[in-house]
Structures are given as C-alpha cells and as structure tokens.
Amino acid sequence: MSPWDVHASIATYLTFEDISHAAATLDTQQYATPVLKLVSEARAKGYDVICLPLTTDKWKQRWAEMCVQLQDDSERERDTVAERRAEEWRARPAFLKDEVTITRLDEAEGITAMISEWLELDAADDWVRHDAEIALRQEIAYASYLNIQTVILPAPRSRFHVASYARIISACLETTTFLNLSVRLPIYNPSVLRQESPVPTASQSSLIEPASASDVPMILLPSNTTQNLSSAPEGELNATWEMWDVIRSMCGYDTRLSLTLDLTPPLPTTLGVLSKWTAESVRHIYIPASTFIANTKGYPVLPKPTQTFIRNSMIASLSSPTIILSDVVSGLHNRGGEAAYSQYVRHLEKTSLAVQASQKPGTVENFAQGYQDYLQAPLQPLMDNLQSLTYQTFEQDPIKYTQYEEAIFKALLEWQPTSERIICCVAGAGRGPLVARCLSAITRAKRDVFIYAVEKNPNAFVTLQERQEKEWGDSVKILFGDMRYIDIPEQADILISELLGSFGDNELSPECLDGAMRFLKPTGVSIPSSYTAHLAPLSSSKLYNEARSSKDGKSLETPYVVMFQAVNILSGDGGGLRGQCGPQIQECWEFEHPRRDIVLDLRGLPLTNTHNVRAAHLNFYIPHAGVLHGLAGYFEAVLYGNIGLSIHPHRKDRISKDMLSWFPLFFPFKETLYLPSNSELRVSIWRLTNERHVWYEWHAESFLTMPTSSIAPTSPTLMGYRYSPSPSSSGLFSPSAPSPLIDAAEPVFKFPEPRASTSSIETVGVAYDVVKIGHTSLHNPGGRSSWIGL
C-alpha cells in the first residue's frame, strides 16, 4: 500500500481456543505465557488492539451449576450443596485461576476485554438476572484490577427487559472510575432476515450450548411486531437503536459508555434508516469473517452497503472507531489469508471521501483538523477586539476573498457612476484583506476608485496604517471608529463588509450595517446585499454531552460554532405523510441591505432595533426514528448578482466550495426529545433584541402522524424486506479481475423506505391527523444565558 496517514485502529478478536492452541505450542524460553505469545504475534501482524475474552468456559460452567436450576417435568429435590455454594459466591464473588484468561498485568496491557457473552442482564427470570449482575460486577472488578481500560459488554437480548439491563450498566458506571464500557449491539434486529422462533431464555439454552464469538445476538420483541413486519418493517430495524437509546439515557449519557456495532447481519442498500448510528458514540465496529464475501478472485471483500457504512465511519480524527476483525484465521475465503481482511479495511479507509478530504490541502476537512465536534463560543465583534491571530486564521480562506473580489469586480463593471470617480467604503476593515481584494478588483476593472476603510479595533488600526504606508498609498484613506457612529468625508457608491456569522446575523451584521448605511448614496449598493438563516434538527450524543458538561446550566442555552462530524440530520425531504412539511433544511428569515423603510433619527441611525426582530415556525418531516439533541444553523449570502457565500450543506459546493471561514451553528436542547418514524417536528425560533443585547430563543414540539382511515395495502414483501439478485449474480464473471480489492457479486437486501408524501399511490385518499407527543422547554428566555452585546 502507498504510504499515507492511518487513522482507524484495527483489532483482532482472539478466542479461548486460540489461547489453548498457543499454550500447547508455547516456547517458555521466548514467551512467559500463551497470552503474551498471542499478543506479540498479533502486534507483529499489524494489529493495533487485541480483544480477548476475560473468562473461560469453566467459569460459565461453575456459574451455571450454582445459579441455574434445570427442571424437568418431575419435581427434583433441592440441591442444598449447590445453593450453599451459590450463596457463598454471592456474598464474596471471586474467580478460580482456571476461570480467567489473563492473570498478569503485562498480559492485560493494550487489551480490550470481552465480558462473558452468556450473561443475560435482561433475562426474564429475576434470579437469573440478579446473579448475572453479580457476575458482571465480578468481571468488571477483575478487569479494573488488571488496569484494562475498555471492556465490551454482552448484548441485550430482550426489548421487554432492556430497562433492567440499563439499570445494571448504570450501577457499574457508578462504581468504576476509569473503566470504559462498550455495549455490543447488532446494527438492527437480525430476526427480520430469519424465519425462526425467538431465542430461548438463559435457563433454556444459552448456558447449555456454547456460544460462538461471531454469533449475532438476537432480539426478543413483542410478537405482534414480528407478525406485522410487512406493514412496519422499520420498527424491527429500529429495535436495537431504541434499546441503545434506553440504555444511554438511563445511564445519563455517561461519556464512558459507548457502542460496539456488530455488522454480522447484512445491511440494507438504503442506508437512511442506519444514518442515526453516525450520531452515536460508536467506539468499535465488529466484523466477523462471515460478513465478508469472496470477489471473483477469491479475496474477501465486504458487501457494498457494508462498504458504504464503513467508509462513512472512517472519519479522519481521534474518534474513529476501532475495527474488530473476528475469525479471520479460519480460512473461510480461498485467497489472501488473514492479512487480506485488514488490508481490505485499510483500502476502505484510504478510499473514504472523508479521509481523502482531510488529507487534501485547502479543504474544510483539512483546515478543521482537531475542531470536529468541538464547541466554540461565537465571536462578540462589537464587544471584543479580535486578536491578530484570529484575523490571521480567517484570512487563510482564499475562497471567501475570491468571492468578494469577484463581487466587487462585477459591481464595478456594472456601475454607472454619476461622477468620474467611484467611492468604495470597507466597513470593518480588520487587518485589510478586503481592502487588498478591492484594489485587485479595481485594477482588473480599470476604474477610477477611491477607498475609505473604517475599523474600530485600535490594534488592527495599527496594521492598517502599516499596510497603507507600504502597499496602498494614497488610494486608501483609513478612518478609526465604530461604523455606527463615525462619519466619512463623502458618501459611498459601494459599501463592502464581512460581518457575517455562522447563522448569518449572529455576529450583528444587521445592527452594524444599519449604522453604516449612512455612508451610502441613495443609489448605492451593499456587498453583501442579503443573507438568510437556515435550520435543521439534528441528533448527536457527543455534542449533547459537550454542551451539558458545564454545571451552571447556561451551556445548554448557548449557541455554539461547531464543525459537525458525528451528527445525524433527522429531517427528510418531502412534505411528510400530510404533505405539510418543508424541506430537510429550512429557511428561517432574511436580511437585506440597504433597507429603505427604517425610521431614522437626525444622524441617520434607526430609532430602535425592532426592525431586526425575527421569528420562524418550521415544520420538519422525520422519516426515521431518532433523538433530537439540537438544531443545526447555516447561512447563505448574496454578495452581488449571482455571486455568494454558503455553508448550506446542499448548496455550499455549488456556491463557495471549500470555504473555510464559517462552521455551522449548534443550538442545543436541555431535554432530549424522542421522535418516532414518520413523525413531525415543529421548531420555533426567535431573534429578539433590547437596547443592549440581541439573543435567540428556541423551542420544539413533536407530533405523531395518524391516519384517519385505513391505508391501501402495499406490495407484498418477504419478512418486511424485498430481495432481488444483483445483475451480476448469475455466476458469469469476468476472468480477468483487475485487483483483489474489487467488489464481489452479492445479493441486495432492500428495506422499504417510509412513505414520505401523500402523492404516493399507497396514500391516495387517506386523511391524516397529528397527535402531540412531546415538547421541549423554551430555551434562553429573555437572553438569560446567552446574548450578543450591542
């Protein structure tokens, strides 16, 4: 492979059988223990992390003999000896030496331990669940004793008793100080792909038959859910995520709790229902060899939906999940051997668009390294004087200033001056980048132009004087003062400013330009001429945790500038089932400059700031279930004509690709709000002001869409999904495959997407109503927690 920066860690899962085999062939002069031998060999193969089971089958056998009483039809006499042993164990839980795989501190270094998978913390039997909790605490205590940093917990199996599972995990988090707990979960309930009865309870099977490490946990769900998969398949797909939502919510969004996603079952080709996982704290992705399929040359590759999911997970940051490869020494595929699996994962990482963008100079992803999902307070440009380093950071954005130069150039070409000389005014000149771009546009346009540069920062004013002396000369006059109150010698034809914030108006561009409009002639133009604010609901457990980390409560009523990464936009396009919702990202309001309808005083300043008050009430369609953690704020600006700036996710690449100066704005919610599939979210947001401050207030309500008449039956499906063979699955393959990394022919699993519009055939003639199911509190009333100072 070509040299490049590797971001994701790759782990191997070693079984107790691997340890036993290593013990049988151990050279004691080279390795002190079988585990040390396995760890050394795994490191030599390039694995970054080693996963090991913490216990052996002897521990499972002793626990079952003590705690699980198998009953037949006839009544057995009580085994008092076993009961006494069980009570003694409950009083003082402890392992025997042959019940654990690791006994030394050096063996545990860099190890991720797998807690016993047979522990059913959500068993229907209260006593089994009680004893499983004691066993879990015992294993966690032993892992802590060995200084193991992370353990992977057994998957919950029952949707009925997931609250019991969550309570136990919460208690374990309370009693440990440093240990990270990761819950293993299949990415969706795999029973939707199987026609079989639910898994038996602990006392029936799981403690009798040994479980393979690659077995994917099955989820017990209400029987009526399984019977109606065709009409509500997403309920099955959401089952494991809903269980995770219960667990992390009951554990208070503890930052030491994370996910290990099990990708054993095949993924659907439509990944919309899976996008919610991108907003969760996924620490590991578990991929057994059986998930891989053979390509035409016999090398292991992943199915395309799984490829897409893995590539999307390969984020170029320290938070990239560890990929755990299991059973890769089994020889399941004909060619490539064990190394082929990790090489293929590295290939997926190398071809991930996010990783490629992070390595390309000039991209937002490259510029923002270290700032992903990092909360930053917005600037207070009127209250604070920016540091030179802050100016320098923003001046590194060539796209923004190129757009400004093009806008000025176009305005100069189209301007019909009333005199021989055109007057330009740069309001808020900073260290002078706009002045320099203005001079460049003047040279290109071959116009006679004079520039006034206004700046209130006394420190930046020094830099402007130096640049005037060394670069600009008499073509620029520098004026020191606040643009709202200073006067310039003559009125301008073109007013240029860069006062925009991540939400357009959140750095008080409207208020500043209200004062600067005195500089303009009646026929003058402003660059920018207008800008709009846009919103979308999002889910992100990481951002929610970051925002609530402060103890004073104000942090959850404060908007933040964030480079989004581990987020999921909850809304979808289309009108929803009722046809009354807007697009995925919706416009809140607009500001235009110059505005001619404002009542002014004798100085030409607005009498009040009420004309800059705004309000928006937006309806969003929520196609897939999720948890609302906040709102994503974006802006678009028209500089001049068809030249603009945008951080709108759908349009930024067409308008101002790779612009670096602005990250989106994040409005957090204090309370999480669960949104079911096919629901609606009504968001209200206000921009308010008084004599001293400007602030935002926001609120949300959720509604469930209910049909008032029966829905026409949909086309038949099998177990809630449609199966269609790939066009290349006939077995007629090209004999000359170009690479062992090429894709394999594979079956395609297609899960139905939610009905998104009343224009579909299925919903013709159906009337819908909404039922309110929840709301948040009003955030930041009166600007009590956050505001921008005038």
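# A tour by selection

Start with strand β7, residues 282-288: six of its seven residues are buried, so the strand is largely enclosed by the rest of the structure. Buried here means under 20% relative accessible area, with exposed over 50% and partly exposed in between, using a 1.4 Å probe and protein chains only. Strands (E, at least two residues) and helices (H or I, at least four) are DSSP runs, numbered from the N terminus.

This is a predicted model, in which local features need pLDDT of at least 70, side-chain atom pairs count only at pLDDT 80 or more, and totals for chains, interfaces and linings use all residues. Residues are numbered from 1 along each chain as its sequence is written, and side-chain values use heavy atoms, with hydrogens and water left out.

Two strands pair if DSSP finds at least two bridges between them. Leu259 has Val282 in β7 as its bridge partner.

Now move to the open sheet of five strands, ordered β13-β12-β11-β14-β15 with parallel pairing. Its edge strands, each pairing on one side only, are β13 (476-480) and β15 (520-527). From one strand to the next the twist averages 25°; angles run from 0 to 180 degrees between N-to-C directions, and axes are lines fitted to C-alpha atoms, for helices over the stretch in contact. Select strand β12, residues 449-455: five bridges join it in parallel to β13. Tyr452 stands opposite Lys477 in β13.

For a helix pair, select α17 (residues 398-414) and α18 (residues 433-445), whose axes come within 8 Å and cross at roughly 45°. The two helices are therefore oblique to each other, the class left once angles under 35 degrees (roughly parallel), over 145 (roughly antiparallel) and 65 to 115 (roughly perpendicular) are set aside. Show side chains at the contact (heavy atoms within 4.5 Å): those involved include Tyr401, Ile408 and Phe409 of α17 and Leu434, Arg437 and Ile442 of α18.

Finish with the cysteines. The structure holds zero disulfides, a disulfide being a pair of cysteine sulfur atoms within 2.5 Å. Select Cys251 and Cys172: the latter holds the closest cysteine sulfur to that of Cys251, at 9.1 Å, too far for a bond. Cys251 counts as buried at 8% relative accessibility, and Cys51 counts as buried at 1%.
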